[in-house]
Amino acid sequence: MIWIIVPLLLLVIFGLYVRREAERIRAEDLRPRIVVKLKLAGDGMATPAELHQRQALEAEIEKRNIGTIVDAGSGDGWATLQVGVGDPNVARELVRNLLRERGLLDRSEISAKPSA
């Protein structure tokens, strides 16, 4: 009898965990987003050095609690990341300051992602 109850209990606990995580992710998806684009040296994908630079920027955005990275990639000569934020205007200014500190401001664009 216990061999039936234990797996069922584990299944219920796992289901509750998955449901809580899904609700958290949905809540993050509803937050406003800003889009940060960095011009790459070429017209294609990011080089390993450019990828490392973008990932370091992502880590710093999250470390400073500016927002949460919800999507990132590169192509067509741009490295792009979307940041879920509380206030897009404040976040844009904080990201602009971060880009300035890293010497990336002159080859970047920051915009608000239109609501779906």
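Strands β2 (68-75) and β3 (78-84) pair in the antiparallel sense over 7 bridges, where two strands are said to pair if DSSP finds at least two bridges between them, and where strands (E, at least two residues) and helices (H or I, at least four residues) are DSSP runs numbered from the N terminus. This is a predicted model, in which local features need pLDDT of at least 70 and side-chain atom pairs count only at pLDDT 80 or more, while totals for chains, interfaces and linings use all residues. Residues are numbered from 1 along each chain as its sequence is written, and side-chain values use heavy atoms, with hydrogens and water left out.

Most residues other than glycine have a negative phi. D76 counts as exposed at 69% relative accessibility, the terms being set so that buried means under 20% relative accessible area, exposed over 50%, and partly exposed in between, with a 1.4 Å probe and protein chains only.

N65 is found in the loop between α2 (48-63) and β2, and with a relative accessible area of 68% N65 is exposed.

The other partner to consider for β3 is β1 (residues 33-39), which pairs with β3 in the antiparallel sense over 7 bridges; in this pairing, the bridge partner of V36 is L81 in β3. Because 6 of the 7 residues of β3 are buried, β3 is largely enclosed by the rest of the structure.

The strands come together in an open sheet of 4 strands with the order β2-β3-β1-β4 and antiparallel pairing. Its edge strands are β2 and β4 (108-112), each of which pairs on one side only. Neighbouring strands of this sheet are turned by 15° against each other on average, direction ignored, with axes taken as lines fitted to C-alpha atoms, for helices over the stretch in contact, and angles running from 0 to 180 degrees between N-to-C directions. Helix α2 packs on the sheet, touching β1, β2 and β3, and the direction of α2 makes about 165° with that of β2; contact here means heavy atoms within 4.5 Å.

R33 lies in strand β1 and counts as buried at 17% relative accessibility. Leaving aside its neighbours within four places in sequence, R33 is in contact with V70, Q82, V83, G84, A112 and K113. With Q82 there is also a polar contact between the two side chains, at 2.9 Å; such a contact is a pair of N or O atoms within 3.5 Å, of which, within protein, one must be able to donate a hydrogen and the other to accept it, and residues adjacent in sequence count only if both atoms are side-chain atoms.
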